[in-house]
Structure formats: structure tokens, C-alpha cells
Amino acid sequence: MRSKTRWIVAAVVLVGSSMWGCNKGDNATAPPVAKTAFVPDADAGAMLYKSGCLTCHGSAGQGMLHQGPDLRRDPFISKMSDSDLIEFLRKGRPAKDPTNHSGIAMPAGGTIPGFGEDKQSDTETLADVVLFLRNMQAKVKQQDDLKAAAHHSPTTQTLTSASTQPVDAPVTAPLKQ
Ligand code: HEC
């Protein structure tokens with residue numbers, strides 16, 4: 001894996017330098033800018049969620065009655081690869097689709113402004129959204145795990161019950177006759 005990555009890096013550098021070579025001396029053309037791989041942006045994803053998904057799925061992904069389902073622990077999301085999720089969001093799920101659960105349509109690209117104008121930019125937009133969904137699910141899972149640990153751990157229970165005792169309680173209460 002590691003060496004494969006090195007090869008890709010080497011190939012990009014080679015292609016980049018040969019392009020540079022071709023353009024040498026040509027003042028009319030701007031020097032080639034190395035095409036960097038797109039890296040999804042969590043902040044952009046959060047903004048896009050607000051404009052494109054929140055009205056139906058809720059501000060915290062909790063779902064809205066008769067609009068969009070709860071996405072916070074949705075295995076449909078967690079089990080799907082990033083690229084499959086991008087393709088799902090690109091197409092949405094029409095009301096008549098045999099996989100539709102509710103008879104309500106999930107619109108292609110949600111309500112993201114300008115969606116559908118350019119395939120490459122849609123892909124990048126949806127990659128930001130997918131990163132947002134992954135982070136949202138990770139945060140919820142972390143909270144669930146903490147709650148479960150607090151509930152099951154005997155140490156925490158002891159600490160909790162001890163802390164609810166009055167501070168000035170006698171260490172050994174006198175036996176009631
Ligand atoms: C106009 C309302 C609406 C908007 C906007 C919307 N959705 Fe949905 N979404 C739905 C509905 C309704 C469903 C459920 C369709 C069904 O019943 O199968 C759904 C389903 C989904 C599912 C599949 C859930 C599952 O378990 O099957 C995902 C994932 C999802 N939406 C993500 C998003 C994201 C991300 C956005 C923003 C880019 C978004 N949705 C915008 C209405 C919406």
C-alpha cells in the first residue's frame with residue numbers, strides 16, 4: 001500500500017514536470033498548476049448539510065416527522081462506502097423507487113443550491129456532505145458509548161451513589177433500636 005502510494009506520488013511529479021517542460025518558453029501559457037487530489041472539507045460539509053439536508057433530516061440529523069428519517073445511527077450510511085453514498089445522494093430516492101420506505105421522495109442532491117449543474121463539482125460537494133455525515137455518526141457513537149460505559153461500569157455507579165450521600169453523614173450510623 002505504502003509503496004503504491006509512493007509510485008502514485010512519483011507519477012504525479014513526473015507528469016507535472018514533463019508538463020512544465022512542454023510549456024517552457026511559452027510565455028502566453030500560465031505555468032501548470034499541479035492538480036491536487038480533492039480533500040473533503042468538514043466545515044463546507046456542515047454548511048452544505050444546513051442548506052441541503054437540514055429541513056428534512058433535522059439540525060442534528062435526528063429526522064423530521066413525515067420528512068426525512070433519523071440519520072444519526074443509520075446503518076444505511078455507516079455500512080456504505082463513501083463513493084456509494086455519493087452516488088446515492090446524487091440520485092436521491094424517488095417516491096416510487098421500490099427501495100423507498102415512506103412514499104416520500106429523497107430529492108437528488110437534497111436541496112443544495114446549484115446542485116446538478118456540474119458533475120465534478122457535485123461529486124466534491126457530496127464528498128463534503130459525506131464527511132459531515134461520517135463525523136456526525138462518529139460523534140453520536142462516541143456519546144452512545146460513553147453513556148453505555150457510565151451505565152454499566154460499577155466504578156461509575158459507586159462514585160455516583162457516593163457523591164449523592166450527604167457530606168456530613170456519619171461514617172457508621174448508630175444502630176436503630
Ligand atoms: C425534501 C426532503 C429531503 C431533503 C432536503 C433531504 N432528504 Fe434525505 N431523505 C428524505 C426522505 C423522505 C428519505 C426517506 C426515503 C424513503 O422513505 O425511503 C430520505 C432518505 C435519506 C437517506 C437514506 C436513509 C435510509 O436509511 O434509507 C440518506 C442517507 C439521506 N436521506 C441523506 C440526505 C442528505 C445527506 C441530504 C442533504 C444533501 C438529504 N438527505 C436531503 C428527504 C430529504
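This is a predicted model: local features need pLDDT of at least 70, side-chain atom pairs count only at pLDDT 80 or more; totals for chains, interfaces and linings use all residues.
**Entry 1. Confidence.** I began with the pLDDT, whose mean over the chain is 82. I noted that 69% of the residues reach 70 or more. Two stretches called for a separate note.

Entry 2. I then listed the elements and found 7 helices and 0 strands. Read from the N terminus, the order is α-α-α-α-α-α-α. The chain has 177 residues, of which 15% count as buried. I also looked up the contacts between residues at least 6 apart in sequence; 50% of these join residues at least 24 apart.

**Entry 3. The ligand shell.** Which residues are closest to the ligand? I found Cys-53, Cys-56, Ser-102, Met-106 and Gly-110, within a shell of 25 residues. By class, I recorded 13 nonpolar, 10 polar and 2 charged residues in the shell. Three helices each supply at least two shell residues: H3 (54-57), H4 (75-78) and H6 (119-152). The largest share, 3 residues, comes from H3.

**Entry 4. Packing of H2 and H6.** H6, one of the helices that contribute to the shell, also packs against H2, which spans residues 42-52. I noted an angle of about 95 degrees and a separation of 7 Å between the axes. Angles of 65 to 115 degrees count as roughly perpendicular, and H2 and H6 are therefore roughly perpendicular to each other. On the H2 side, the contact is made by Ala-42, Ala-44, Gly-45, Ala-46, Leu-48 and Tyr-49. On the H6 side, I listed Thr-125, Asp-128, Val-129, Leu-131, Phe-132 and Asn-135. The residues of this contact divide into 8 nonpolar, 3 polar and 1 charged.

**Entry 5. Backbone at His-66.** Where does His-66 lie? I located it in the loop between H3 and H4. The phi of His-66 is near 60 degrees, a positive value in a residue other than glycine. I flagged this value because most residues other than glycine have a negative phi.

Conventions: Residues are numbered from 1 along each chain as its sequence is written. A residue is near a molecule or strand if its C-beta atom, placed from the backbone, lies within 6 Å of it. Helices (H or I, at least four residues) and strands (E, at least two) are DSSP runs, numbered from the N terminus. Ala, Val, Leu, Ile, Met, Phe, Trp, Tyr, Cys and Pro count as nonpolar, Asp, Glu, Lys and Arg as charged, and the others, Gly among them, as polar. Axes are lines fitted to C-alpha atoms, for helices over the stretch in contact, and angles run from 0 to 180 degrees between N-to-C directions. Angles under 35 degrees count as roughly parallel, over 145 as roughly antiparallel, 65 to 115 as roughly perpendicular and the rest as oblique. Two residues are in contact if their C-beta atoms, placed from the backbone, lie within 7 Å. pLDDT is the predictor's confidence in each residue, from 0 to 100. A residue is buried if 20 or more other C-beta atoms lie within 10 Å of its own, exposed if 12 or fewer, and partly exposed in between; C-beta atoms are placed from the backbone.
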